[in-house]
Amino acid sequence: MTIVPRPADLAGEPVKQEGCGSCAAAENAGREDGEGSVQVQLDPRVQIGTAKVFAVYGKGGIGKSTTSSNLSVAFSKLGKRVLQIGCDPKHDSTFTLTKCLVPTVIDILESVNFHSEELRMEDFVYEGYNGVMCVEAGGPPAGTGCGGYVVGQTVKLLKEHHLLDDTDVVVFDVLGDVVCGGFAAPLQHADRALIVTANDFDSIFAMNRIAAAIQAKAKNYKVRVGGVIANRSAATDEIDRFCGRTGLKTLAHIRDLDVVRRSRLKKATLFEMDPTDEVIAVQNEYLQLAEALWAGVDPLTPTPLKDREIFDLLGYD
């Protein structure tokens, strides 16, 4: 896919700066989002509005899309109008909601040579299970571009088509670890960031980096850490030890259940599975999480650990 040149005033256009390549130092009234921060600066005029916005992060493969989709349905079961935005080039965040891989915003924009005025809302917004509206932002071609531009263009399109005017909840499902400022772009829109983790070293190591990224964004944006979702874990002792040390808090515990795996194979959310006691219990966990998030969870100000400290804390030699 070839990305054609874009006018400089489009949301997410990199601000060119000497020695910075395709991404530039993030600025907000002359301030940086943490020492050495480089990223795409989103257009400050493009704001989501009155909806409550949650950004879901976590180690790659930890189950963020499954978590996001079931959380979106839980919000919808509470009577909220929900929009889920997938921010992964795999564009499978909304797979269980729509029962298919929907085209990405970048694919659709390319089809009209990036003339967004030619698009209709139904070209890139799809209705999923229980009325959850679904958008897959996609990503730039491998090795080129920046994910921050993709997020910026997606929110810009949603604003232009007034989809956000009547939305109560927006859930950003963001790929993998925070490895660049571009994929931290949803934090510039979010009220609360949620970290999905399992009870193992690699997941907790990624959680520590994510917490640090959120803290950097919190200096200049409204986003704050909302808490941790323990996923695919029978126990939470390692998570609890880390949270106790850093000031994080576990909001929900989704156990390592085979029904979760089977729901993905059936292209279904957990709310569409046969109502066994096990399924009802995990549904209730998501509903309680949605209720807590809607009511408002206290912002956390964690203190991320140095790499060596994590190894020492979790018992590695």
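Let me begin with the lining of the largest cavity, whose residues divide into 2 nonpolar, 4 polar and 1 charged, where Ala, Val, Leu, Ile, Met, Phe, Trp, Tyr, Cys and Pro count as nonpolar, Asp, Glu, Lys and Arg as charged, and the others, Gly among them, as polar. What we are looking at is a predicted model, in which local features need pLDDT of at least 70 and side-chain atom pairs count only at pLDDT 80 or more, while totals for chains, interfaces and linings use all residues. Residues are numbered from 1 along each chain as its sequence is written, and side-chain values use heavy atoms, with hydrogens and water left out.

The residues that line this cavity are Gly63, Thr66, Thr67, Asn231, Arg232, Val260 and Tyr286. A cavity here is a set of points, on a 1 Å grid over the protein atoms alone, where a 1.4 Å probe fits but cannot get out, and lining residues have an atom within 4 Å of a point.

Val260 leads us to helix H7, residues 258-265, where Val259, Val260 and Ser263 are buried, meaning under 20% relative accessible area with a 1.4 Å probe and protein chains only. Helices are DSSP runs of H or I with at least four residues, strands are E runs of at least two, and both are numbered from the N terminus. Why do these three share a side of H7? They cover an arc of only 105 degrees around the axis, which puts them on the same side; the arc is that of the directions from the helix axis to the C-beta atoms. They pack against helix H1 (64-77) and helix H8 (277-295), and after H7 comes Lys267, whose phi is positive, near 55 degrees.

Turning to the nonpolar cores, each is a set of buried Ala, Val, Leu, Ile, Met, Phe, Trp, Tyr and Cys residues joined through side-chain atoms within 4.5 Å. The largest has 56 residues, and those with the most contacts inside it are Ile85, Leu158 and Phe172. Apart from it lies another core, of 33 residues, including Ile254 and Phe271.

To finish with the whole protein, there are 9 helices and 8 strands, and buried residues make up 56% of the 317 residues.

Notes
Buried < 20%, exposed > 50% of the residue type's maximum accessible area, 1.4 Å probe, protein only. Contact = heavy atoms within 4.5 Å. 1 Å grid on protein atoms, 1.4 Å probe; cavity = no way out; pocket = protein on both sides within 12 Å on 5 of 7 lines; lining within 4 Å.
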